[in-house]
Amino acid sequence: MDSSDQISKLFGLDFASQAKEKAYLQRKAEGKGCFSCHYTGYITNSNSTTSMCSCAKEKWLSEIFKKSNVPNKYIGKTLEDWETRTNSSGEDLGIHEITSQNIKRLLKFYEKNLFFIVQGLCPKIKHNINQRDTLHSLKFTGSNGSGKTFIASVMVQHAIRKQLTAKYYDWSEILETLIDYNRKEEVTELVDEFKNLDFIAIDGLQNFSITQSHVTIQLDRLGKARSNSGKPIFLMVSGDISKIEGGTGWSSLVSSCLTIQLPHAIK
Ligand SMILES: [Zn+2]
């Protein structure tokens with residue numbers, strides 16, 4: 001027995017528990033886990049199996065949200081965070097509050113059915129008194145601050161929470177990739193994602209009057225890839241997109257979406 005061992009015996013401590021304590025404090029300082037999982041991120045169950053603690057699960061999910069391109073500002077947000085009385089700048093929606101509530105209700109219904117919609121089992125919805133439509137892909141129109149980015153972000157995150165594959169896309173970034181001749185591999189990747197991901201949303205759709213014909217061809221490819229996958233898409237539209245040249249592949253994807261007009265603030 002060396003002298004330090006004797007000292008720790010003297011104070012009623014042994015090295016094992018000291019080391020344990022030190023490791024505990026270090027994990028805590030590093031911000032790993034929470035109190036209930038002793039800052040390990042894992043919980044040992046009564047039958048001696050381990051599972052991920054909810055704190056670690058949230059952390060792990062938010063990493064996936066980031067990788068799925070969800071804008072930082074909206075990471076961790078859900079539909080419950082949607083304020084139906086005001087727009088994103090806090091301006092009162094007035095009489096449009098009812099429209100806002102209806103859209104929130106529709107989105108909740110969409111969330112509940114997303115798993116089935118992805119498999120092509122689409123529920124019918126009734127709107128505009130007697131019009132019945134199949135709920136599959138949606139196109140949202142509305143001015144800045146009407147909640148388009150929010151809706152796209154929470155839906156992508158909801159899909160991921162339901163163990164579906166999903167991604168958020170920014171329209172100008174898509175175009176940038178399509179325009180660049182040196183990014184052919186990325187274009188192929190994009191087409192693959194449009195073919196395979198369970199849920200995707202494109203934000204900031206607008207017409208930039210692009211004249212390069214190869215962009216038209218690639219948009220046609222993307223549109224076809226998504227339509228043929230049978231899986232849903234959300235398009236968040238700002239402005240007139242009827243003049244976007246993307247061949248029949250693109251235009252039929254756009255026209256397959258049910259249009260939803262988001263309310264705007266009364267000024
Ligand atoms: Zn924890």
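## Helix contacts and domains in a predicted model

**View 1. The contact of helix 6 with helix 8.** In this close-up of the predicted model, L175, L178 and I179 of helix 6 meet V215, Q218 and L219 of helix 8. By class, the residues of this contact divide into five nonpolar and one polar, with no charged residue. Helix 6 spans residues 171–179, and its axis comes within 9 Å of the axis of helix 8, the two crossing at roughly 120 degrees. Because angles over 145 degrees count as roughly antiparallel and those from 65 to 115 degrees as roughly perpendicular, helix 6 is described as oblique to helix 8. The crossing of helix 6 and helix 8 is right-handed.

**View 2. The contact of helix 8 with helix 9.** Helix 8 (residues 213–229) packs with helix 9 (residues 247–255) at an angle of about 45 degrees, and the axes of the two helices are 6 Å apart. That angle makes helix 8 oblique to helix 9, and the crossing of these two helices is left-handed. On the side of helix 8, the contact is made by T216, I217, L219, D220, R221, L222, G223, K224, R226 and S227, while helix 9 contributes G247, T248, G249, W250, S252 and L253. Sorted by class, the residues in the contact of helix 8 with helix 9 are five nonpolar, seven polar and four charged. L219 of helix 8, listed in this contact, also takes part in the meeting of helix 8 with helix 6.

**View 3. The contact of helix 3 with helix 5.** Helix 3, formed by residues 54–67, and helix 5, formed by residues 148–161, pack at an angle of about 130 degrees with their axes 10 Å apart. This geometry makes helix 3 oblique to helix 5, and helix 3 passes helix 5 in a right-handed crossing. From helix 3 the contact draws on L61, I64 and F65, and from helix 5 on Q157, I160 and R161. The residues of the contact of helix 3 with helix 5 comprise four nonpolar, one polar and one charged.

**View 4. The two assigned domains.** According to the domain assignment of the protein, domain 1 covers residues 3–52 and domain 2 covers residues 68–261. The C-alpha centres of domain 1 and domain 2 lie 47 Å apart.

**View 5. Confidence along the predicted model.** The protein averages a pLDDT of 88, and 93% of its residues score at least 70. Among the elements of the protein, strand 6 (residues 166–170) has the highest mean pLDDT, at 98, whereas helix 1 (residues 3–10) has the lowest, at 55.

Definitions and conventions
Residues numbered from 1 in each chain as written. Predicted model: local features only at pLDDT ≥ 70, side-chain atom pairs only at ≥ 80, totals over all residues. Axes fitted to C-alpha atoms, helices over the stretch in contact; angles between N-to-C directions. Helix = DSSP H or I, 4+ residues; strand = E, 2+ residues; numbered from the N terminus. Parallel < 35°, antiparallel > 145°, perpendicular 65-115°, else oblique. Left-handed = near helix turned anticlockwise from the far one by under 90°. Contact = placed C-beta atoms within 7 Å. Nonpolar A, V, L, I, M, F, W, Y, C, P; charged D, E, K, R; others polar. Domains from an automatic or database assignment. pLDDT = per-residue confidence, 0-100.
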